[in-house]
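Dear colleague,

I am passing on the structure below, together with some notes on what I found in it. Please read the notes with the coordinates open beside you.

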Amino acid sequence: MANTQIAAARSGEITTEIERVAERENRDPEFVREQVAEGQAVIPANRNHDALDPMIIGREFSTKVNANIGNSETTSDLETELEKLHTAVHYGADTVMDLGTGSDLDEIREAHVEHSPIPIGTVPLYEAVKRAESPEEITTELLLAVIEKQAEQGVDYMTIHAGILAEHLPLTDGRKTGIVSRGGSIMAQWMEERGEQNPLFRVYDDICEIFAEHDVTFSLGDSLRPGSLADACDEAQYAELDTLGELTRIAWDHDVQVMVEGPGHVPMHRVAENIARQQDVCDGAPFYVLGPLVTDIAPGYDHITSAIGAAMAAQAGAAMLCYVTPKEHLGLPEEEDVRDGLAAYRIAAHSGDVANGLPGARDWDDALSEARYDFDWREQFRLALDPDRARDYHDQTLPGDNYKEARFCSMCGVDFCSMRIDQDARDVEDGEMSELETTTDLESSPAAEVNLPPVGTHDSSVPSKDETGEDALVERAGDD
Ligand code: SF4
């Protein structure tokens with residue numbers, strides 16, 4: 001039997017990684033074990049990654065965010081690459097993918113694994129291309145050698161572009177933006193030049209054996225993801241998804257953990273369809289989506305266009321979101337781009353968790369709202385997703401210490417601060433607006449028909465609509 005998290009979970013064992021994940025997610029270890037055993041969640045934890053603090057990716061757990069780092073052919077040095085890892089962890093990435101294509105790939109990868117408390121993902125095809133010097137020269141032997149070496153180095157999950165098949169390629173002919181996945185375009189070129197089937201597909205069982213030995217998790221690449229709204233949900237995308245479903249089940253047969261990658265560029269009204277289809281075709285294996293961008297018109301702001309889709313995807317059941325920075329489609333991101341991209345995606349992930357009623361997710365929102373209403377500025381900064389930015393923005397106009405207790409900020413100003421006005425209008429003792437009831441005949445007000453008695457959340461004595469139903473509320477209005 002393989003020595004993997006899924007194999008252990010299937011045998012009923014609660015591993016130390018499962019224990020740790022349960023603690024981090026505040027869930028029952030037995031529930032975590034079941035999710036891993038059934039392939040509904042993955043714990044990417046290569047046995048050679050000593051610095052790892054285990055985490056879990058699955059739709060029943062908090063939505064995770066990945067940040068891509070790595071050098072390019074034009075920029076490359078170890079110190080800079082370690083700084084990128086530090087930046088990603090600092091701003092809240094749950095995993096990082098080292099997509100380096102420059103020099104010193106081995107040295108940088110080893111340093112990343114050595115220093116990273118979060119899982120490291122890679123795309124071994126990129127190193128294979130570097131070593132083969134041209135994509136057509138890649139061999140199955142080279143691919144397996146690169147994959148095995150990276151597994152030995154401690155990489156926790158790898159994107160494997162095994163799902164794009166020769167028979168899928170004609171389906172992309174009418175596309176507006178062709179094949180936009182880097183790995184997908186390389187595999188397509190290889191198949192076209194050589195007239196052979198995808199080599200990663202051909203040696204997929206061998207890859208499974210390597211992954212089983214080191215407990216590497218599959219991240220099955222969506223080579224035919226749409227690169228534009230026009231290509232979303234087309235035959236090519238869904239044909240590859242069917243193959244990814246088959247590959248998922250083969251990996252599970254080898255006791256190897258699997259997550260599946262997804263699009264890309266998808267209009268809002270089709271995001272949920274993508275998640276539901278993947279969950280169905282891949283038997284609930286965690287879905288790891290790139291965005292999706294919900295419009296193509298905003299280069300320079302694609303962390304926003306994609307975070308909209310990412311939030312919808314998280315609500316619909318995506319387990320991990322691959323961040324997109326403002327530099328998407330334009331250039332290699334700098335530190336500030338990484339910060340903005342991660343903020344956008346952590347917002348998307350958390351919004352999805354709140355919408356899905358993930359236990360405890362809303363507590364953070366409520367705590368911040370209380371600090372906001374209390375004018376507790378220091379607590380508000382501390383709780384903010386990006387505390388430094390919140391404090392900087394506030395202090396740009398009101399920097400003094402005395403403004404940290406002020407009952408206003410510069411947005412509305414001292415005279416028009418609605419929260420201050422609201423608090424002043426309320427009874428000091430109980431915080432209620434009860435004065436009106438004694439001084440005004442509300443029942444004969446022309447607005448009485450539509451302006452029902454107080455149903456605001458501050459008045460807990462009034463049953464919610466869910467408890468009473470619409471009719472009950474109308475009755476109360478009449479009774480009063
Ligand atoms: S001034 Fe406006 S924005 Fe600032 S705390 Fe008051 S209500 Fe909020």
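The notes below take up an annotated site and then a helix pair.

This is a predicted model, in which local features need pLDDT of at least 70 and side-chain atom pairs count only at pLDDT 80 or more, while totals for chains, interfaces and linings use all residues. Residues are numbered from 1 along each chain as its sequence is written, and side-chain values use heavy atoms, with hydrogens and water left out.

An unreviewed UniProt entry lists Cys 409, Cys 412 and Cys 417 under "binding site"; such annotations may be inferred rather than shown by experiment. Cys 409 lies in the loop between helix H17 (387–397) and helix H18 (418–425), helices being DSSP runs of H or I with at least four residues, numbered from the N terminus. Cys 417 is placed in the loop between H17 and H18. With a relative accessible area of 23%, Cys 409 is partly exposed, whereas Cys 417, at 7%, is buried (buried is under 20%, exposed over 50%, partly exposed in between, with a 1.4 Å probe and protein chains only). Leaving aside residues up to four places away in sequence, Cys 409 touches Trp 377, His 394 and Leu 398, contact meaning heavy atoms within 4.5 Å.

As for the helix pair, the axes of H6 (residues 124–132) and H8 (residues 182–194) come within 10 Å and cross at roughly 50°, the axes being lines fitted to C-alpha atoms over the stretch in contact, with angles from 0 to 180 degrees between N-to-C directions. Leu 125, Tyr 126 and Val 129 in H6 meet Arg 182, Gly 183, Ile 186 and Met 187 in H8.

Best regards

Notes: Helices (H or I, at least four residues) and strands (E, at least two) are DSSP runs, numbered from the N terminus.
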